[in-house]
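Hello,

Here is the structure for you to look through. My notes follow below it.

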Amino acid sequence: MIKEILEENDCLIADGFDDAIIGFHQKDGEVIVVYSINKCIYSLMEYNKWGYQEAEEFLYFNTINCHVGEKTPIFIDTYYNERG
């Protein structure tokens, strides 16, 4: 259901992080996808066989710190065990 809402609203989607989508946010009439930072990191760790720090640095440098306009995705910290 969330994916349909994001597609209908032409949201910007971060490649390879579909499993890290935790919802969406509406701001000034725009729908913006929201990702869990921890889920993104674990995804990078699993896919690339990286350690936590390497995945975290890559995510911040190449994804989170990139601004691509009004529909730039939102990345938030979540503090519960998401691996289980």
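**Strand β2 and its neighbours**

Val-34 stands opposite Ile-74 in β3. That is one point of contact in a parallel pairing: β2 and strand β3 (residues 74-76) are joined by three bridges. Strands are DSSP runs (E, at least two residues) and helices are too (H or I, at least four), numbered from the N terminus. Two strands pair if DSSP finds at least two bridges between them.

A word on the basis. This is a predicted model, in which local features need pLDDT of at least 70, side-chain atom pairs count only at pLDDT 80 or more, and totals for chains, interfaces and linings use all residues. Residues are numbered from 1 along each chain as its sequence is written, and side-chain values use heavy atoms, with hydrogens and water left out.

β2 also pairs with strand β1 (residues 21-27), antiparallel, through six bridges. Phe-24 has Val-33 as its bridge partner in β2. The two strands make a hairpin with two residues between them. Asp-28, in the turn, has a positive phi of about 50 degrees.

Strand β2 (residues 30-36) is mostly covered, with six of its seven residues buried. Buried means under 20% relative accessible area, exposed over 50%, and partly exposed in between (1.4 Å probe, protein chains only). Tyr-35 is buried, at 0%. Phe-75 is buried too, at 15%.

Now the helix. Glu-7 lies in helix α1 (residues 2-8). Glu-7 counts as exposed because its relative accessibility is 58%. Glu-7 and Ser-36 are 29 residues apart in sequence and 19 Å apart in space, C-alpha to C-alpha.

Best wishes
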